[in-house]
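Thank you all for coming; I would like to walk you through one structure this morning, a few residues at a time.

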Amino acid sequence: MRKNYGAKAMLYPMPALIIGSYDENGTPDAMNAAWGGISEETQISICVSEDHKTTKNILARGAFTVSVADSENVAQCDYVGIVSGNKEPEKIKKTGWTVLKSEFVDAPLFEELPMALECKLISYDEESCRLVGEIVNVCADERILNAEGKIDLEKFSPITYDPVHHTYRKLGEAVGQAFSDGLKLK
């Protein structure tokens, strides 16, 4: 038997995405967003309302970064989600994050967050709040790479957002091999 919850924003895992942008004065800003994901081979879609400082920045600059929140930065990632850049322009300073300028887009990277997508704005729909970006580069700090130069989840501990319990969860161990385990059922 199943329990019905009705129409709710519930999905597992739900990302904890940190969207970085620069304002009109070049001040870095970031916000935490959970409603987003890859929507095409080199595109990401995120639902962000137009009243966010980050949204205004992206529309003005045409670029943004999307860092993956990790367990080492839970407090800082939560902070940029609960404090508005409209009210606290120096919120990045309060996180203690080191700002790096992206080589590919006019947006900030945060050194402490080890993986990021660097994106150019494709479109924004005010009615649906859907922001679409072209991923022009993915970067990862060497500290989370394995010997083959690939991202290693044993070294990188990304977190997800639990929308039911309002908690962050660390991703766990590997339980199968994609594009392989299912072959047993052929």
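This is a predicted model: local features need pLDDT of at least 70, side-chain atom pairs count only at pLDDT 80 or more; totals for chains, interfaces and linings use all residues.

Which residues gather in a patch of negative charge on the surface? They are Glu50, Asp51, Asp125, Glu126 and Glu127, where Asp and Glu count as negative, Lys and Arg as positive, and His and the chain ends are not counted. A patch takes residues with over 30% relative accessible area and no salt bridge, like charges being joined within 9 Å and nonpolar side chains within 5 Å.

Residues are numbered from 1 along each chain as its sequence is written, and side-chain values use heavy atoms, with hydrogens and water left out.

Asp125, a member of that patch, sits in strand 9, which covers residues 115–125. Its relative accessible area is 36%, so Asp125 is partly exposed, a class that lies between buried (under 20%) and exposed (over 50%), using a 1.4 Å probe and protein chains only.

Ser102, by contrast, is placed in the loop between strand 7 (99–101) and strand 8 (108–110), and Ser102 counts as buried because its relative accessibility is 5%. The side chain of Ser102 makes a polar contact with that of Glu118 at 2.4 Å, and a polar atom of the Ser102 side chain also lies 3.0 Å from the backbone nitrogen of Phe104. A polar contact is a pair of N or O atoms within 3.5 Å; within protein, one must be able to donate a hydrogen and the other to accept it, and residues adjacent in sequence count only if both atoms are side-chain atoms.

Lastly, Ser67 belongs to strand 6, residues 63–68, and is buried, because its relative accessible area is 0%.

Terms used. Accessible areas come from the Shrake-Rupley method with a 1.4 Å probe; for residues, only the protein chains shown count as cover. A salt bridge is a side-chain nitrogen of Lys or Arg within 4 Å of a carboxyl oxygen of Asp or Glu. The place of a charge is taken as NZ of Lys, CZ of Arg, CG of Asp or CD of Glu. Helices (H or I, at least four residues) and strands (E, at least two) are DSSP runs, numbered from the N terminus.
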